[in-house]
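Welcome! Take a look at the sequence and the structure below, and then we can walk through some of the details together.

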Amino acid sequence: SALLLMLAASLGTFAVANVATWTRSQADQAAYQAGADLRFTPSSRAAAPERLASALATIPGVAAVMPADRLNVDAGRAVRGDALLAIDSEVAAAVTNPTPGIDGALQAGLFAQLAAGRPGPVGATVPDGAAALGLVLDAAFVTDFENGTPQPVDMSTFRGIRASVVVEDGLGRFHQLDTTTAAVLVGTNQRLVIALASGTPPAPLARPIRLRRIEFGVSAPTDIGMTGSIEIREIDATADASADPAASTAWSPIGLSSATPGWEAGVRFGSSASQPMNPTADPWHFDFKDGSPLPPVFGGFTSEILVGLTAMSPGAPIEAIAGSAFLDATGARVGERLTATLAGTTAPVLLVGSIASFPTLDPAKPFLIVDDRTLADARFVASGAIEPPTEWWLSTRDPAASASAIRAGVDPGAAIVNAADREAALLADPIPRGVIGVLGLGSWAALVFAAIGFIVSATVSTRERLGEFALLRALGLSGRQLSVWLALEHAVLLTFGVVAGLGLGAVLAWLVLPLATLTTNGGAVTPPPVVVIPAATLLPILAGAAGVLVATLVVMRRQLLGIRIGDVLRAADE
């Protein structure tokens, strides 16, 4: 009878642990797949990144917003097209869902290390109150006389100079802003105005703003060859975006000149690669007559010429957190430098730490995690690439309400991953629910049969020992004392069976469930399941055992009350 109880209790414990472990695993998988309370990918109808950032931050319940880029990385021969995740390392600890088995403090320390490895401030600081930038230039281009008789063209009336700037906003994102007007090919003190807003409708950029690149495109009238020079006299700013470009009192210099360190000049002709160019001293003066890497004569019969000034970062390696599979594939170790291609940009990478898994990434495949601002800066310096974030991660008190707010006003076409919705979808899987049902029914059936067996065994045992009990009564043992004796005897048997069964069920759960908890396609789950044996759910088993003991005592009590000492002793003598 004790063995029956032990097997029934172990099966019940295993069934309870299976339900709790599977339910916890679905929640962990959902949180891992979502990455944050809410993660969404903007659609083509989404607003500009700066407008998205401010709109998301104003949604009720949203505590933190993190832009992220999901790209590819190549390193050596083993890592080709694997995952590269760029995150805002300053807020990642507050936004990213915790992963079971990963030390949260260690992960937060790695995030802090990525944030500390960001490049320092680069470029010219734009005053906080500035609403527009002004580019003041002189242009002096003339028609070329060397290749024949020139056509009579008034160069002072042809607006052949356009300008643009690249600025870095307070979120570490880059924006190219263009002028709405053009400058003439012959003219002095021409101010081209660029509003410090982006998107449609325009939205103010996140502060502080730094100027990272200035570019002028120069083109000649159709079929006219020309040569000459262009000079950047001043870079200034104004608090009034509608200020008159000719009203110099409304504009204040931002302190940028050719003497400012860190700026590199380059020039390119049409689609050709940019070539370094050394302008003369302050102010920046680009002369295409002599010493230029480009042909001294160009014009409308060819492509325009582009002159650019770029504030370059020091060129430090990109710090990265490597997945364990990445280290195994490349043979690299933490602290090493290697050359990798990140989203098409080849750059040195310093491995500052490793982690077995990270939300939304497959731990079985190589991956790198880098700081989003560091990667954006490296891509801009290497190729001038300016890309918006591919994803946004949100920490919010009410993911469902935040998702509704995003679809209602921020981005109706956004692809949203909600941890709560994902968990509900995983919990609705009929296959594991069927297994849970079968185990539950089997455990209850085993408990019922064990209870019946225990009561029958106790009844038969009592009947076989009637002579012993009658003798004890004849020797002076009261019926109450005999009942207490039998109660203790069966309580010990029942306790041993139930406790041994609980222990056996727990051991089976720890051994079997990590291997039996699988995804719908039969693969191992990520993150690995955590075996849960909730004490509260074991109470029905203990309550059932107590009920069996009470029923057994009631049956035995009735048997004992029916004992006639004389008849039993005479029958024993015969």
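Is Arg-233 buried, partly exposed or exposed? Arg-233 counts as partly exposed, since its relative accessibility is 39%. Please keep in mind that this is a predicted model. Here is a short tour, starting with the whole chain.

**The chain as a whole**
- The protein chain has 574 residues, and 46% of them count as buried.
- Its secondary structure is made up of 13 helices and 24 strands.
- The accessible surface is about 26,600 Å², and carbon and sulfur atoms account for 59% of that.

**Salt bridges that reach helix α6**
- In total, the structure contains 15 salt bridges.
- One of them joins Asp-372 to Arg-173, with the closest N and O atoms 2.3 Å apart.
- Asp-372 sits in helix α6 and Arg-173 in the loop between β6 and β7, so this pair ties together parts 199 residues apart in sequence.
- Asp-372 and Arg-173 are both buried.
- Another salt bridge brings together Arg-212 and Asp-377, at 2.8 Å from N to O.
- Because Arg-212 belongs to strand β11 and Asp-377 to helix α6, this pair links parts 165 residues apart in sequence.
- Arg-212 and Asp-377 are buried as well.

**Other salt bridges**
- Arg-233 pairs with Glu-231 in a salt bridge of 3.3 Å, N to O.
- Glu-231 is buried at 17% relative accessible area, whereas Arg-233 is partly exposed.
- A network of salt bridges links Asp-88, Glu-90, Arg-118 and Asp-371.

Notes: Residues are numbered from 1 along each chain as its sequence is written. This is a predicted model: local features need pLDDT of at least 70, side-chain atom pairs count only at pLDDT 80 or more; totals for chains, interfaces and linings use all residues. Side-chain values use heavy atoms; hydrogens and water are left out. Helices (H or I, at least four residues) and strands (E, at least two) are DSSP runs, numbered from the N terminus. Buried means under 20% relative accessible area, exposed over 50%, partly exposed in between (1.4 Å probe, protein chains only). Accessible areas come from the Shrake-Rupley method with a 1.4 Å probe; for residues, only the protein chains shown count as cover. A salt bridge is a side-chain nitrogen of Lys or Arg within 4 Å of a carboxyl oxygen of Asp or Glu.
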